[in-house]
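Here is my note on the model you sent. Please read it with the structure open.

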Amino acid sequence: MADAKRIREVETLDEVDRILIAALQADSRTTNSRLAAAAGIAESTCVSRVRSLVSRGIVTDFTAMVDPKAIGFGLQALISVSIRAGARTHIPAFRDSIRVMPRVVQLFFLGGSEDFIIHLSARDTDDVRDFVLEHLSADPAVASTRTSMVFEHFYNGVTPE
């Protein structure tokens with residue numbers, strides 16, 4: 001029954017929804033009057049439309065993006081993690097422990113040759129090495145890791161068609 005609740009019809013978005021979503025992704029702090037002007041609708045209609053996007057689960061969060069360099073975490077790394085074949089039952093515990101660590105920006109659970117990709121924000125390469133040694137290599141469920149340094153990162157958001 002839980003799976004049936006998670007399966008839902010794909011939401012139909014009109015042009016106004018698309019404009020509002022794009023504007024909110026560009027700046028989630030934009031004023032209602034600017035949103036309304038961008039979409040060509042009345043301010044009261046805009047409030048209702050944004051509330052509808054939130055209540056339907058299309059817009060899930062309004063968040064601030066922080067420049068990692070500005071707070072001393074100028075190095076970004078992507079760490080691929082493979083879990084040992086005999087340790088598959090440990091995947092939920094591994095996922096839950098990693099995703100709440102302070103420098104973990106994003107965690108991806110994958111199908112494929114790797115089980116996870118960890119997006120880590122770090123001060124320097126020593127910081128990345130320490131994270132891998134303390135939290136990954138020391139974990140008996142982890143079979144292997146592969147670390148890639150991020151040179152540039154671009155966030156586009158999801159653009160509805």
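1. Basis. This is a predicted model, in which local features need pLDDT of at least 70 and side-chain atom pairs count only at pLDDT 80 or more, while totals for chains, interfaces and linings use all residues. Residues are numbered from 1 along each chain as its sequence is written, and side-chain values use heavy atoms, with hydrogens and water left out.

2. Helices α2 and α4. The axes of α2 and helix α4 (residues 43-55) come within 11 Å and cross at roughly 80°. Helices here are DSSP runs of H or I with at least four residues, strands are E runs of at least two, and both are numbered from the N terminus. Axes are lines fitted to C-alpha atoms, for helices over the stretch in contact, and angles run from 0 to 180 degrees between N-to-C directions. The pair α2 and α4 is therefore roughly perpendicular. The cut-offs are under 35 degrees for roughly parallel, over 145 for roughly antiparallel, 65 to 115 for roughly perpendicular, and oblique for the rest.

3. Their contact. From α2 come V16, D17, L20, I21 and L24; they meet C46, R49, V50 and L53 in α4. Contact means heavy atoms within 4.5 Å. The residues of this α2 and α4 contact divide into seven nonpolar, no polar and two charged. Ala, Val, Leu, Ile, Met, Phe, Trp, Tyr, Cys and Pro count as nonpolar; Asp, Glu, Lys and Arg count as charged; the others, Gly among them, count as polar.

4. D17. This residue is found in helix α2. Is D17 buried or exposed? D17 is buried, because its relative accessible area is 4%. Buried means under 20% relative accessible area, exposed over 50%, and partly exposed in between, with a 1.4 Å probe and protein chains only. Not counting residues up to four places away in sequence, D17 touches T12, R49, L53 and R56.

5. Helices α3 and α4. Helix α3 (residues 32-39) packs on α4 at an angle of about 95°, with the axes 9 Å apart. So α3 and α4 are also roughly perpendicular to each other. N32, S33, L35 and A36 of α3 make the contact with E43, C46, V47 and V50 of α4. By class, the contact of α3 with α4 has five nonpolar, two polar and one charged residues.

6. I83. Strand β1 holds I83. I83 counts as buried because its relative accessibility is 4%. Leaving aside neighbours within four places in sequence, I83 is in contact with R88, I91, F94, D115, F116, A141, V142 and A143. I83 and I21 are 62 residues apart in sequence and 37 Å apart in space, C-alpha to C-alpha.

7. L107. Strand β2 holds L107. L107 counts as partly exposed, because its relative accessibility is 23%. Not counting residues up to four places away in sequence, L107 touches R95, I98, R99, F116, I117 and I118.

8. The largest pocket. Its volume is about 1,400 Å³. Of the 40 lining residues, T63, A64, M65, H153 and Y155 are the closest to its centre. Two or more lining residues come from each of α2 (15-26), β1 (75-83), β2 (104-109) and β3 (116-122). Helix α2 gives the largest share, four residues. By class, the lining has 22 nonpolar, eleven polar and seven charged residues.

9. Pocket terms. On a 1 Å grid over the protein atoms alone, a pocket is an open set of points where a 1.4 Å probe fits, with protein on both sides within 12 Å along at least five of seven lines; lining residues have an atom within 4 Å of a point. Points are joined across faces, edges and corners, and a volume is the space filled by probe spheres set on them.

10. Y155. This residue is placed in the segment after β4 (142-150). Y155 is exposed, because its relative accessible area is 56%. The C-alpha atoms of Y155 and Q25, 130 residues apart along the chain, are separated by 9.9 Å.
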